[in-house]
Structure formats: C-alpha cells, structure tokens
Amino acid sequence: MKLAIGITAVQPQWSLLSGQIGFPFSPLSSTEEISHSHIVTIIVSAKGSDNLRKNLLSYIHSGGSLLMEAPEAEWLFGIKSQRRYVDYIQPRAESLFGNVLPGFIDASLTVPEEADDLFANDGMNLVEIVREGKGSAVILPGGLTGLLLNSDIRRRQFPSVSRYLPTERVARCSKHTIREIVQYSLEFLSRERKLPFVSLHPFPEGKPSCFNLRIDTDFADEKHISDLYDLCRKHTISASWFVETGSARKRLSQFEKMKDQEIGLHCFQHKVFKSYYESETDIKHGKSLLTGDKISPSGYAAPFGEWNSSLAKAVESSGFKYSSEFGLAYDDHPFYPWLGDRFSSVLQLPVHPISAGRLKNAKHNEEDIKHYFAAVMDTNSAHRLPIFIYDHPSSANLDVLNWFMEQIQEKEISSVTLGGYAEWWKIRDRIKWGSDISTGKLTIKSGGIEKQAQLLVKNSDGSEAVTPMSDVITFNELDWQESTSLPAIVPMAVRNRISRKMLTNNFDHIRSKINPWK
C-alpha cells in the first residue's frame with residue numbers, strides 16, 4: 001500500500017507544513033474516485049464540488065482518514081461550529097495532543113461545537129474526532145493553520161521557575177504549537193489505520209537536535225567580542241555572528257580574522273524600516289562594509305528580531321540565503337516565509353528568543369539563568385527542535401555561556417552554524433520521495449539525494465525509529481524506541497497574564513528604537 005497523503009487544494013500554509021514536517025502530498029482531482037488502499041490520509045483544505053464531497057464520503061466510509069478544519073467539516077459532514085476567541089492552547093496529559101508544546105494563539109477561530117479534545121483557555125476544547133463508517137476524521141478549528149502565515153508581533157512571557165518571567169517581542173502565535181497539532185493529527189490518523197507515519201527527520205545524521213550560538217553584536221566593544229570569541233574557540237564552537245556594522249565600521253577586521261566562525265549581517269543602523277527602499281539601503285551599506293573587509297555574509301538577522309515583508313524582500317534582493325527573526329517564528333523548524341503572493345527564496349531559521357540579558361532583566365541570578373537554559377535544552381530536545389540560543393557579547397554573560405557550552409558537549413549535542421544548517425535544510429527540502437508498505441517492509445522511492453537525510457518512522461504502536469533512507473527498510477531491523485515523556489512547563493495561564501514587567505519592557509523597547517545609534 002502507498003503511504004501517500006492527498007490534499008484537495010494546495011495552499012501556502014499546507015506547503016509550509018509539508019516542508020517543515022517532511023511529508024510529501026499530492027493534489028487530488030475533484031472528479032477522480034479515491035481509494036482508501038492508495039491514500040492513507042486526505043487533507044481537506046478547501047470545499048469543493050458535490051462530486052468531490054461524494055468521493056470523500058465514500059473514501060472515509062470505506063476506511064480512509066481525513067484531516068480538515070471546521071468550515072470544511074460543516075460542508076462535508078454537516079457539523080455545527082461557533083466563533084471563539086482562543087488565547088492559548090494547554091494540552092492535557094491524557095489527550096491525543098498531550099505531548100504538543102503549549103503555546104499562544106491569540107486569534108478568533110471557528111471551533112466545532114462538539115469538540116472533545118485539545119484543551120484551550122476558558123475550559124474549551126478545540127478539536128473534534130469524527131467516526132464515519134470504517135474511517136476517522138480529525139476536525140481542527142477553522143483558521144488555525146492559516147495563522148502560520150501571520151507576521152504580527154506581541155510581547156510574550158516565557159516559562160521560568162523564577163518569580164518574574166522573562167519577556168520578549170516575538171511572533172504573535174506559537175507556530176511550533178500549530179505544527180505539532182497537525183503532525184500529531186496525521187500520526188493519529190495513520191495509527192487509526194494501523195499504518196506507520198513516515199517523514200523526513202529534521203536534523204543531519206539522525207541526531208535528536210543540534211546547537212547553535214547566534215551572537216548579535218550591536219554596540220559591543222572590541223574586548224567583549226574578543227572574550228566571547230575566545231570562549232567559542234575554547235569549546236570548539238562555531239558560532240554565528242551577526243554584525244551591526246555602524247558602530248564597528250573601523251574595526252571590522254576583528255571579524256575577518258576569526259577562525260571557524262560564521263559572520264553574517266545584523267544591520268548598519270540598528271533599526272527596522274517599513275519601506276523596501278530604506279531596508280535595502282541599510283542592508284547594502286552594512287553588507288558593503290563587510291565585503292570591504294573580505295567577509296561574504298550568507299545570513300541576516302534583523303534588529304530587535306523583527307520581520308516584515310518589505311524587509312524580507314530587501315533581504316532577498318541582497319542575495320542572502322537565510323535570515324533569522326524571532327518576530328516571525330521562534331523555537332521551530334526552518335521554513336520559507338509567505339510574502340502574500342509567493343514564498344520568499346530566503347530560508348527562515350527560528351531561534352530561541354530569550355537571551356541571558358533578558359533573564360537578568362527579569363531578575364534572574366546566575367543559577368536561575370542556568371536552570372532556564374537547561375529547561376530550554378531539555379524541552380527542545382524532547383520536541384525535536386533545534387537548540388539555537390541567541391545572545392550579545394558581554395563579560396557578564398561569559399560564565400553562563402561557558403556552562404552552557406559544557407552542557408552541550410557533555411550531552412554530545414552536535415554544533416552547527418546557522419549557515420551550515422540552512423544549506424543542509426535546503427537539500428532536505430529538495431528531496432522528492434514516496435513510500436510503500438507491505439509485509440513488514442517499507443519501499444522508498446526518491447530522487448537520488450536521499451543520503452543527505454534520514455527518515456523518522458512513527459509506528460502504529462507508538463514506538464518510533466530514525467533510519468537512513470534506502471530502497472528497502474525492514475521494520476524488525478529498526479532500532480525502535482518508546483516515545484519519551486516530555487518535561488513539564490509553566491502553565492499558559494501564568495504566561496498569559498499581563499505583568500508590570502511586560503509594560504516596562506515595552507516602554508524600554510520603544511525608547512531604544514528612538515535612538516538606533518545607541
């Protein structure tokens with residue numbers, strides 16, 4: 001049987017999800033009959049003709065599985081739904097989505113009236129499981145996946161055991177949470193059919209995660225940069241440095257002389273512009289200073305972690321291969337941002353948005369900071385997320401960063417540059433593949449570059465294995481592992497509260513943008 005996923009209409013959010021999760025899908029014709037023995041799951045991404053409706057109902061009644069949002073379920077099954085404002089999602093342990101990372105939604109969604117899973121704020125559930133004939137369907141709230149294309153920014157609090165939670169201006173909704181909801185839905189629908197769910201693994205060589213230290217150098221002096229560079233060299237860490245060239249224009253040779261480090265552009269003037277022309281002018285000025293010192297940056301990271309489509313187009317026209325802005329997404333897999341009418345050609349690499357400076361701002365002492373970053377490391381590893389930490393050169397942070405690098409090496413987490421990971425992800429994204437299953441074996445068909453990636457196989461009994469791509473994969477020869485329990489996280493109800501610190505941080509942010517030269 002083909003382990004294929006069909007889709008009724010290719011939409012930007014589903015293309016984005018397909019790339020992040022690593023599953024191929026095929027568009028379906030509204031006129032062709034659909035066999036449950038040829039397609040495991042169909043994503044009903046849009047309503048269609050009466051003929052399509054008849055074919056989908058026949059498919060699920062004969063044993064197929066469907067994934068859709070509430071408006072499509074109303075068209076197909078006649079379910080009722082209601083408009084509800086969802087602040088956040090807090091999955092319960094006993095839920096189908098119990099291992100989904102909690103997160104913010106902050107949007108009005110169309111929720112099935114009979115929703116019985118995926119707990120949110122105010123005691124509501126968001127997801128309904130429908131049984132029809134021999135098949136099953138997962139009904140997500142309408143508008144949920146579309147939030148992946150949202151680029152609004154909000155100040156959010158992040159989980160910590162300390163009294164004061166650290167804050168940062170980040171993407172309005174937690175996009176990793178939405179991705180995991182979709183991924184767990186697809187895995188559940190495969191299990192319902194007693195079939196494995198197979199996807200591309202998100203890290204090179206089948207590793208459970210990887211580490212990068214991203215350094216934004218805004219207004220750092222020569223000694224602070226030198227001290228942090230020496231620390232990276234001590235631990236053989238190849239960090240990714242994003243240079244603010246305005247204040248460093250007379251000493252850029254310091255970066256050119258660095259060994260085994262990646263040098264990218266942060267900006268010339270530490271400011272985010274709304275117009276394409278101003279953004280392009282600042283980028284060209286900053287990039288020309290780096291190239292004048294024989295540095296060819298392939299990566300860009302905007303000031304304040306902010307992102308907008310005009311800036312993205314300027315980054316694209318300036319020839320960058322990737323950028324990294326937590327105002328668009330954080331703690332997630334790479335993706336190509338949607339620009340309204342097309343995808344950008346510049347890969348977006350999300351990082352964790354809370355720096356040591358932010359933790360000190362929230363009155364964390366050194367032990368608190370270590371505990372915080374240890375939790376980030378554990379959480380991201382458990383959720384197969386990259387451990388990409390960002391900071392600034394500062395002597396006050398060296399002890400914590402030294403400790404963190406020691407932890408990375410003790411846990412044998414591989415270190416990468418953002419540029420190196422971006423190059424690998426671009427190769428992963430180009431892999432065209434499919435799989436069949438029969439008599440305990442997977443047959444893989446691919447486009448010839450399969451050695452660059454590995455497969456993540458989720459079995460119908462809940463176990464999982466990571467394996468190199470090969471023509472034939474025998475199930476009983478795989479190293480099956482039980483899924484691990486995930487670490488507890490500060491409840492979303494606590495993170496959702498407005499604190500005095502959030503207000504003062506917002507004021508400080510506005511003040512810092514008034515004078516971008518300081």
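In which hand does helix 10 pass helix 11? In this predicted model, where local features need pLDDT of at least 70, side-chain atom pairs count only at pLDDT 80 or more, and totals for chains, interfaces and linings use all residues, the crossing is right-handed. Residues are numbered from 1 along each chain as its sequence is written, and side-chain values use heavy atoms, with hydrogens and water left out.

A crossing is called right-handed if the near helix is turned clockwise from the far one by less than a right angle, and left-handed if anticlockwise. Helices (H or I, at least four residues) and strands (E, at least two) are DSSP runs, numbered from the N terminus. The axes of helix 10 (residues 366–382) and helix 11 (residues 398–410) cross at roughly 35 degrees and come within 10 Å; axes are lines fitted to C-alpha atoms, for helices over the stretch in contact, with angles from 0 to 180 degrees between N-to-C directions. On the helix 10 side, the contact (heavy atoms within 4.5 Å) is made by Glu-366, Ile-369, Lys-370, Phe-373, Ala-374 and Met-377. Helix 11 contributes Asp-399, Val-400, Trp-403, Phe-404, Gln-407 and Ile-408. Eight of the contact residues are nonpolar, one is polar and three are charged.

At the start of helix 8, a side-chain oxygen of Asn-308 lies within 3.2 Å of the backbone nitrogen of Ser-310. Just after the helix, Gly-319 adopts a positive phi of about 85 degrees.

Turning to strands, an open sheet of three has the order 12-22-23 with antiparallel pairing; two strands pair if DSSP finds at least two bridges between them. Strand 12 (197–200) and strand 23 (464–468) are at the edges with a single partner strand each, so one side of each has no neighbour in the sheet. On average, neighbouring strands are turned by 25 degrees against each other, direction ignored. Strand 22 (residues 454–458) is joined to the antiparallel strand 23 by five bridges, and Leu-455 stands opposite Thr-467 in strand 23.

Several loop residues complete the picture. Gly-64, in the loop between helix 2 (50–61) and strand 4 (65–69), is buried at 1% relative accessibility. Leaving aside residues up to four places away in sequence, Gly-64 touches His-36, Tyr-59, Gly-135, Ser-136 and Arg-193. Its C-alpha is 8.9 Å from that of Leu-189, 125 residues away in sequence.

Most residues other than glycine have a negative phi. Glu-205, in the loop between strand 12 and strand 13 (211–216), has a positive phi of about 60 degrees and is exposed at 66%. Asp-293, in the loop between helix 7 and strand 16, is partly exposed at 23%.

Notes
Ala, Val, Leu, Ile, Met, Phe, Trp, Tyr, Cys and Pro count as nonpolar, Asp, Glu, Lys and Arg as charged, and the others, Gly among them, as polar. A polar contact is a pair of N or O atoms within 3.5 Å; within protein, one must be able to donate a hydrogen and the other to accept it, and residues adjacent in sequence count only if both atoms are side-chain atoms. Buried means under 20% relative accessible area, exposed over 50%, partly exposed in between (1.4 Å probe, protein chains only).
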